[in-house]
Amino acid sequence: MWRVSLLLFLGLAAMAVSARADERILSWHSEIVVEKSGDLRVTETIVIRAEGDKIKRGILRDIPLLLDDRFKPLRRTLGLPITKPFKIVSVKRDGKKENHRTEKIGQGGIRIRIGRADVFLDPGSYTYEIIYRTGRQLYLEKKRDALHWNVNGTAWGFPIDKVSATVVLPKGIKGTRVRGFTGTLGEQGKDFRAELTGTGATIAATRPFRARENLTVVLEWPPGLLDAVAYGNQADQEGRDK
């Protein structure tokens with residue numbers, strides 16, 4: 001009998017450890033607003049479950065590749081990096097302003113450290129809202145303008161149950177085509193559903209993601225409908241149609 005009790009105890013203990021280690025992102029939704037200037041205002045709503053394992057004080061949000069590869073010749077000539085503009089508007093946890101700071105990471109990226117070193121999170125669910133602005137992210141070509149956006153990125157070491165995004169275009173501009181990709185870096189999976197809307201497009205993954213899997217949205221619309229400043233900022237864009 002004692003062997004049965006011991007086995008039961010060990011089984012329950014193993015289940016408790018497994019449950020405690022089950023930190024994950026419960027849902028991720030991004031709203032990407034394309035402005036007439038060509039800039040983006042991005043709002044990321046991230047619901048996480050913390051268990052005190054890896055998520056102790058807060059979360060890290062890595063935004064990679066802020067170096068503008070379309071200006072490689074100019075960067076080589078000047079010997080200087082040219083980065084895509086990026087500015088944090090606000091960071092909140094459960095609706096309240098949250099402490100954060102940024103640091104540079106490889107490939108010209110930015111890491112947002114969210115939380116305080118002296119404040120530990122109790123086990124449970126938390127909702128983070130990150131709002132930022134960024135520019136030079138669009139592909140402005142002769143035959144089309146397009147947004148190509150990695151919604152959640154491939155840096156997360158946690159599974160994600162739900163990933164979705166809404167793209168809002170400027171008033172009077174309607175999308176002509178929406179598509180996407182899913183999977184780890186370089187993969188082009190099709191586990192998503194997407195549709196054009198009256199104001200832009202929506203996209204959502206049709207399955208949970210494993211760690212480091214990402215949802216990418218690509219939305220196209222007719223060229224030349226943004227303000228002149230948008231095209232002026234990217235006049236030297238590489239890859240422009242001949």
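Predicted model: local features only at pLDDT ≥ 70, side-chain atom pairs only at ≥ 80, totals over all residues.
First, the ground rules. Residues are numbered from 1 along each chain as its sequence is written, and side-chain values use heavy atoms, with hydrogens and water left out.

Now the overall picture. The chain has 242 residues, and 39% of them count as buried (under 20% relative accessible area, 1.4 Å probe, protein chains only). Take contacts, meaning heavy atoms within 4.5 Å. Among those with a separation of 6 or more, 71% link residues 24 or more positions apart.

Next, the elements. We have three helices and 15 strands. These are DSSP runs, numbered from the N terminus: helices are H or I, at least four residues; strands are E, at least two.

Which strands build the open sheet? Eight of them, in the order 5-4-8-2-1-11-14-13, with mixed pairing. Pairing takes at least two DSSP bridges. Strand 5 (96-97) and strand 13 (192-196) are the edges, each pairing on one side only. Inside that order, strand 11 (163-168) meets strand 14 (200-205) antiparallel, over five bridges. There, A165 is bridged to I203.

Last, a hairpin. Strand 6 (100-105) and strand 7 (109-115) run antiparallel, joined by six bridges. R101 partners R113. Three residues lie between the strands, and Q107 takes a positive phi near 60°.

Note on methods. Buried < 20%, exposed > 50% of the residue type's maximum accessible area, 1.4 Å probe, protein only.
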